[in-house]
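Hello,

Here is the structure I promised to pass on. Please have a look at it first; my notes on what turned up follow below.

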Amino acid sequence: MPNQSKDTMNQLRAEIGRDFKQYSDKLLKNIQSLTPVDSGRAQRGWVNKYNNQIGKASSDTKFVLFANKVPYIDILEKGGSRQAPAGMINPALKRTRKPR
């Protein structure tokens with residue numbers, strides 16, 4: 001019986017991981033589409049850091065889903081562009097959430 005429980009948990013973890021991967025891919029596309037474009041550098045700079053580690057982080061682990069190393073990305077996220085006055089991440093989260 002303990003092996004069956006372990007197998008069930010592993011299957012559940014894998015299913016949640018697949019669902020979260022799909023969600024994070026969609027969220028990344030929405031963030032990219034909402035990122036202001038001048039040269040396109042900021043839009044291309046987004047990287048999905050999700051590594052299929054659902055349920056394996058300790059309580060003191062910092063979870064980073066996306067990264068963008070473009071030096072001015074914080075300015076854009078804080079509304080520093082007329083193309084995205086509300087930033088990109090919160091609007092992308094709202095766009096990505098499934099309707100209830």
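**Fold and findings**

Along the sequence, the elements run α-α-β-β-α-α. That comes to four helices and two strands. Please keep in mind that this is a predicted model.

Some totals for the chain. It has 100 residues, and 26% of them are buried. Its accessible surface is about 7800 Å². Carbon and sulfur atoms make up 51% of that surface. Now the contacts with a separation of 6 or more: 62% of them join residues 24 or more positions apart.

Helix α1 covers residues 2-34.

Which side chains meet in a salt bridge? They are lysine 21 and aspartate 25, at 2.9 Å from N to O. The structure holds one salt bridge, and this is the pair that forms it. In general, side chains of opposite charge can pair when their charged atoms come close. Lysine 21 and aspartate 25 are four residues apart in helix α1, about one turn of the helix. Is lysine 21 buried or partly exposed? Its relative accessible area is 32%, so lysine 21 counts as partly exposed. Aspartate 25 is partly exposed too, at 29%.

The structure also holds one aromatic pair. Phenylalanine 20 and tyrosine 23 form it, and the pair is tilted. The ring centres lie 6.2 Å from each other, with 35 degrees between the planes.

**A buried leucine in a loop**

Next, leucine 65. Where is it? Leucine 65 lies in the loop between β1 (46-48) and β2 (66-68). Its relative accessibility is 13%, so leucine 65 counts as buried, the limit being under 20%.

What does leucine 65 touch, leaving out residues up to four places away in sequence? The list is Phe20, Ser24, Leu27, Val47, Asn48, Lys49 and Tyr50. Asparagine 51 is 14 residues from leucine 65 along the chain, and their C-alpha atoms are separated by 8.8 Å.

Best wishes

Methods
Residues are numbered from 1 along each chain as its sequence is written. This is a predicted model: local features need pLDDT of at least 70, side-chain atom pairs count only at pLDDT 80 or more; totals for chains, interfaces and linings use all residues. Side-chain values use heavy atoms; hydrogens and water are left out. Buried means under 20% relative accessible area, exposed over 50%, partly exposed in between (1.4 Å probe, protein chains only). Contact means heavy atoms within 4.5 Å. Accessible areas come from the Shrake-Rupley method with a 1.4 Å probe; for residues, only the protein chains shown count as cover. A salt bridge is a side-chain nitrogen of Lys or Arg within 4 Å of a carboxyl oxygen of Asp or Glu. Rings of Phe, Tyr and Trp (its six-membered ring) pair if their centres lie within 6.5 Å; planes under 30 degrees apart count as stacked, over 60 as edge-to-face and the rest as tilted.
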